[in-house]
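Here is a colleague's note on the structure shown below. Please read the points in order, with the model open beside them.

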Amino acid sequence: MTIKHNQQLPNNHFRKHWQERVRVHFDQPGRKLRRRQARLSKAATVAPRPVDKLRPVVRCPTIKYNRRVRPGRGFTLEELKAAKIPRKLALTIGIPVDHRRQNRSEEGLTVNVQRLKEYKDKLILFPRRIGRPKKGDASKEDVVAARSAETQSTSTLFPIVPVDKSIQERAITAEEKDSSAYRKLRLVRSEAKYVGIRAKREEAKKEAEAASKK
């Protein structure tokens, strides 16, 4: 606020005691330890199941980032149907489901269906009752081997590897030098503009030829 002439100073309250509201993070080492202990306790609770769930490959939003891929929230119902995995079963074997996401391309659908099939092939499904296994459950030998060996996955399941699809520079070929994209567009635009006139002209020509023959 600017003051003109010899006036009284405004009574602005610039005494907020900001020193009392400064937030410090001296608890970072303690938080790091507690996060690690929480991860270890979770791994021990869900063992021998993997710690993380299987995530789909999705594109980042907006034109700026849609060249990148990242883990998504869950698989679509269409992807589960193509992989022949029931929705209710998927929720019990570590496959999250996102009914809101839609498949916009055949390429993305194929990639996620392939991930589901690979996960399904490597899945060791424990029976609810050891003596009475159901269809799709693992055998007793596989269950014993999975429990005895340290087979629990503590890292990301099927990590997503980004693919570089950037355009690489190359030399222009002789064929490309001779052809002109501008000329092709002009020809297509001209043909579309005069298609009716040229068709009418052809009909008149044919009628004239037929009349001359008579």
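1. Start with a salt bridge: Glu176 pairs with Arg170, and their closest N and O atoms are 2.8 Å apart. A salt bridge here is a side-chain nitrogen of Lys or Arg within 4 Å of a carboxyl oxygen of Asp or Glu. Glu176 is partly exposed at 33% relative accessible area, while Arg170 is exposed at 59%. Buried means under 20% relative accessible area, exposed over 50%, and partly exposed in between (1.4 Å probe, protein chains only).

2. A word on the basis. This is a predicted model, in which local features need pLDDT of at least 70 and side-chain atom pairs count only at pLDDT 80 or more, while totals for chains, interfaces and linings use all residues. Residues are numbered from 1 along each chain as its sequence is written, and side-chain values use heavy atoms, with hydrogens and water left out.

3. How many salt bridges does the structure hold? It holds four. One of them joins Glu79 and Arg101, with the closest N and O atoms 3.0 Å apart. Glu79 lies in helix α3 and Arg101 in the loop between α4 and α5 (106-122), so the pair ties together parts 22 residues apart in sequence. Helices (H or I, at least four residues) and strands (E, at least two) are DSSP runs, numbered from the N terminus. Glu79 is buried, with a relative accessible area of 0%.

4. Asp27 and Arg31 also meet in a salt bridge, at 2.9 Å from N to O. Asp27 is partly exposed at 32%. Arg31 is partly exposed too, at 44%.

5. Now check the backbone. Most residues other than glycine have a negative phi, and most peptide bonds are trans. Thr62 is not a glycine, yet has a positive phi of about 70 degrees. Thr62 sits in helix α2 (residues 62-65) and is exposed at 52%. Lys84 has a positive phi of about 60 degrees. Lys84 lies in the loop between α3 (77-82) and α4 (87-90), and is exposed at 67%.

6. The peptide bond from Ala47 to Pro48 is cis, with omega near -5 degrees. Pro48 is in the loop between α1 (28-46) and β1 (57-59).

7. Finally, the overall layout. An automatic or database assignment sets the domain bounds: domain 1 covers 32-157 and domain 2 covers 183-213. Their centres, taken over C-alpha atoms, are 62 Å apart. An unreviewed UniProt entry annotates residues 187-214 as "coiled-coil region"; such annotations may be inferred rather than shown by experiment. That span is 93% helix and 0% strand, and its end C-alpha atoms lie 38 Å apart.
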